[in-house]
Amino acid sequence: MSSSLLDLLVSYRGDRTALEITTSFLLVACGTWLAWHLAKVVYNLLFHPLAHIPGPWLSRATYIPEFYYDVVRSGLYTKQIQKMHDKYGPIVRINPHEVHCADRHFIDEIYAGGNKKRDKPVHQVRGSGVAENATFSTIGHDLHRVRRNALNKFFSRAQVFRLEPTIRDLAESLCEKILTVGKEAPFDVTTALSLFTTDVITGYCLGDNLGLVAQKGWEPNFREPLYAQLKLVYLFRFIPWLKHAGFAMAMFTRRLSEDMETLFNVLIVDMPNYVKRAQANLDKGVDDSEKTVFGSVLQSKDLPPAEKTLQRLVEEGFSLFVAGTETVSWALTVISYHVLTKPEILQKLTDEVGEAVKANGGEVPDWKTLEGLPYLGAVLYEGLRLSYGLASRSSRVAPVEDLFYQGTWTPNGSTAEKKVEYVIPRGYAIGMSAVITHHDESIFPDSHSFIPERWLDEKKQHRKDLDRTLLSFSKGTRGCIGINLAYCELYVLLALLVHRVFPSMELFETTEADIAWDHDFFNPFPVWGSQGVRAIIRG
Ligand code: HEM
């Protein structure tokens, strides 16, 4: 405190020292702060609209447990949520304003489609970093519908069929690269696959792929920089302004790593240029709405001009880039691990794909034909189940209707089934987590094992009832828009890997711990210190 201010304070209260006045002021401020928070705790526990939902008192009263487990302990809150379900039942309150559900029968209510309105919770969306105006991060249902409709056509099945030859070329090139570069030294499988997924998404959405598969080795790639961004998502939920500081810092330090430098060049230099190019083409009357996502969005008649600004489109592009790379490469990594460690599964898969290749004149058939191969499909679905998509919960808010939950629960140590009924009032978040639902033993027995056969019925047909519980792509109006593109990539690349690469590929110093979910930052992460899934080409 400056001496003139001290003088002033002393002159006002001559009988007390400035120190005493300052101390009193601080005590009053702290007391008010404490009283306010205590009042909030009492309100949250006793009078809040979610007060009737069970859960640990500290989670019902404050965000402290979520902050502690997700930020301080790094992505561990989902595990605590699992424990809460074990103790309190299928519906639990995990923070003052949010409920979590572990009952698959409620999926269609939470992740509703059609005309039911579903917002995303603000707390969750804050984690989306700088792409806060992308479709993925849109909070309100109505704005989300407008933004998503503008993208829908570009991600339709018909559009993916049109671009399948490009995906196929890249998949063939990746197999070639693995077979040659993979002979020299063990390589990281996820990184190799992410070169393909990055090229696909940039080629598909921007019209130009980045040429990562075509480059000589595995570097540069975006895996580490993207993971570094993901590791901040929970921190941003609690301190949202940090995302701008974090972005500025990353800009400042980007020259420290070649990968970071390349990623930032794509996001900050290339992405705006792609938007400008699409706008220039539109102005010239050139129709590239089927070639680039920006061309498609700029031509949308439903989207008002405010939604077509350079900044918003760059954020949309950034979000597509992130959503479309790690998800696909992680699913294929998990599948590769299981197939290569289970000879009987590899054999069945090789036989089925081999037959299809024979019937197709020696070539791996197209996506449509591959979709008809039951065992290949079963392996893919089982891989999607155990790679989870998003590992952290994804919640929805029903803004104009209360949700009624009715279910049953048998508490631990009891044999008696209890009826459970709750109303989740409108305006409050409720979500589920794939890492919990995908281990519901009532529908996926021996759920931690990789068993493709569970997806096949007696007639070797795909079991649709299991699909209804698969949350890998989420469900409803906010479900994955890239699902067709993802399936095309997964079918085509997996069939090529089985036919051409797996016969000479061996895992290198890799165990199940390298793929099993240990913690999460949106995406699932294996145990700290994991060296990743590594492999080498023999012979
Ligand atoms: C195996 C691959 C993939 C998985 C497992 C996956 C999973 C998911 C999940 C779980 C969501 C819902 C997110 C939420 O609830 O907040 C989602 C949304 C989304 N995904 Fe995917 N995804 C995959 C591939 C792709 C691809 C290739 C793209 C391509 C662009 C993509 C683009 C998106 C977008 C834009 C959204 C937001 C949709 C919206 O909010 O309307 N995803 N994805």
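Which protein atom is the donor to the iron atom of the ligand? In this predicted model, the iron atom has a single protein donor, the SG atom of Cys480, at 2.3 Å; donors are N, O and S atoms within 2.8 Å of the metal (3.2 Å for Na, K and Ca), and sites may look incomplete because water is not among the atoms. Cysteine 480 is located in the loop between α22 (464-467) and α23 (483-501), where helices (H or I, at least four residues) and strands (E, at least two) are DSSP runs numbered from the N terminus.

Residues are numbered from 1 along each chain as its sequence is written, and side-chain values use heavy atoms, with hydrogens and water left out. As the model is a predicted one, local features need pLDDT of at least 70 and side-chain atom pairs count only at pLDDT 80 or more, whereas totals for chains, interfaces and linings use all residues.

The ligand is surrounded by 27 residues, of which Lys120, His144, Arg148, Ser394 and Cys480 are the closest; a residue is near a molecule or strand if one of its heavy atoms lies within 4 Å of it. Polar contacts (pairs of N or O atoms within 3.5 Å; within protein, one atom must be able to donate a hydrogen and the other to accept it, and residues adjacent in sequence count only if both atoms are side-chain atoms) were examined for this shell. A side-chain N or O atom of serine 394 is 2.5 Å from an oxygen atom of the ligand. For lysine 120, the distance from a polar side-chain atom to a ligand oxygen atom is 2.7 Å, and for arginine 148 the corresponding value is 2.7 Å. Two or more residues of the shell come from each of α8 (141-152), α16, α17 (326-341), β4 (394-397) and α23. By class, the shell comprises 12 nonpolar, 10 polar and five charged residues; Ala, Val, Leu, Ile, Met, Phe, Trp, Tyr, Cys and Pro count as nonpolar, Asp, Glu, Lys and Arg as charged, and the others, Gly among them, as polar.

A cavity is a set of points, on a 1 Å grid over the protein atoms alone, where a 1.4 Å probe fits but cannot get out, and its lining residues have an atom within 4 Å of a point. Grid points are joined across faces, edges and corners, and a volume is the space filled by probe spheres set on the points. Four cavities of 30 Å³ or more were found.

An open three-stranded sheet has the order β3-β11-β8 with antiparallel pairing, two strands being paired if DSSP finds at least two bridges between them. Its edge strands, β3 (187-188) and β8 (505-507), each pair on one side only. Strand β8 is joined to β11 (534-537) by three bridges, and glutamate 506 has isoleucine 536 as its bridge partner in β11.

Several backbone features lie in loops. The peptide bond from glutamate 219 to proline 220 is cis, with omega near -5°, and proline 220 lies between α10 and α11 (223-230). Serine 74, although not a glycine, has a positive phi of about 65° and lies in the loop between α4 (64-72) and α5 (77-88).

Technical notes
On a 1 Å grid over the protein atoms alone, a cavity is a set of points where a 1.4 Å probe fits but cannot get out, and a pocket is an open set with protein on both sides within 12 Å along at least five of seven lines; lining residues have an atom within 4 Å of a point.
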